[in-house]
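Here is a short briefing on charged side-chain pairs. Look at the sequence and the model first, then read on.

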Amino acid sequence: MIKTLLFNLFSSSKNSFSSNVKLMCLGMFFVVSLGHAKNYYSKPGVSLNLLTSWGDNSDGSGANPTSFTSINDVFYIRNSVTAVLNGDWTVSKVILGDGVNPCNFTVGNNFRLVVTSNMDISANGTLTLTTTGNTTIAFGTLATTSTVNYAENGNQPIITANYGNLIISGSGNKTVSGNIVAKNDFTLNGGTFILNNGNTSYTLTISGNYNQTTGGVFEFNSGSSGTGTIFLGGNFNNSSSATSSIKTTATVSNGVVNFTGSGTQTLNNPTPGASYYISYLVNAGSVLKLLSPLTLTSSSQTVYIGTITVNGTID
């Protein structure tokens, strides 16, 4: 019917419609054509890469999709505390979580996840990436209380995005390729987080807290040029007992922790030699309270070098 209407509309011998009317009708046709988007919802306790694991009702029941790659379809991961894959998955648009209940989607083994449109993560939703396979994701909206955990036991690229909570765990190098934002907390539990790889000058902006308690290494810069900077709105806690857990590889001070909060912030870094070649900056209007001694230099081990600039208040 629509094809016949368009043929009659644009056949000059059969109508005398103005160009504006034709364009309006053509636009209406495309709206109708694009209006067949479907929402699909995951069933509990199943593998998400199977078409039978999805239904068009919000509880996962109903008709299954015929494809994961229709450009207009949206796939909602919910109805279960955990969700997994048992194979590779290429999908168009994904929304993880229902915004209320916790839901942890883990991509493990060597499975490959490719999201051709983008992935949103709702409040209380968690994406855990332990896979050794290639992952291609463009993140969309990540809620402040959402979490992405880079947990592979191996080298892993960090996708440039505005995260809610960002967790670095597992092992290997976790390398950044752009400015990173954590709207809530940043937690380093394992691996080596490399903010700058060479002569770049990327930033990590954390609205919440910096937490480093069980291990891992924060590498501001692996080269002698460029500056890595943390803009921190909350508290800084590095209670790891390991030395050199926050550093720059080159013997130059090109790592900066910039305290930008509007209230009192705390700095806890009790292990001597835990950080070196780091500059601390307390902004005007910020108040920094020390919860542990802060070693800036040591006569016996000159590698423990740092500076602190106070434009605000230190307690």
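A salt bridge is a side-chain nitrogen of Lys or Arg within 4 Å of a carboxyl oxygen of Asp or Glu. Side chains of opposite charge can pair when their charged atoms come close. This structure holds 3 salt bridges.

The model is predicted: local features need pLDDT of at least 70, side-chain atom pairs count only at pLDDT 80 or more, and totals for chains, interfaces and linings use all residues. Residues are numbered from 1 along each chain as its sequence is written, and side-chain values use heavy atoms, with hydrogens and water left out.

**D315 and K289**
- The side chains of D315 and K289 form a salt bridge at 3.6 Å, N to O.
- D315 lies in the segment after β32 (313-314) and K289 in strand β30 (residues 287-290), so the pair ties together parts 26 residues apart in sequence.
- Strands (E, at least two residues) and helices (H or I, at least four) are DSSP runs, numbered from the N terminus.
- D315 is exposed, at 55% relative accessible area.
- K289 is partly exposed, at 33%.
- Exposed means over 50% relative accessible area, buried under 20%, and partly exposed in between (1.4 Å probe, protein chains only).

**K93 and D120**
- A salt bridge joins the side chains of K93 and D120 at 2.9 Å, N to O.
- K93 sits in strand β6 (residues 93-96) and D120 in strand β9 (residues 119-121), 27 residues apart.
- Both K93 and D120 are buried.

**K38 and D56**
- K38 and D56 meet through their side chains in a salt bridge of 3.2 Å, N to O.
- K38 is in the loop between α2 (19-33) and β1 (39-42), while D56 is in the loop between β2 (54-55) and β3 (74-77).
- K38 is partly exposed at 33% relative accessibility, and D56 is partly exposed at 25%.
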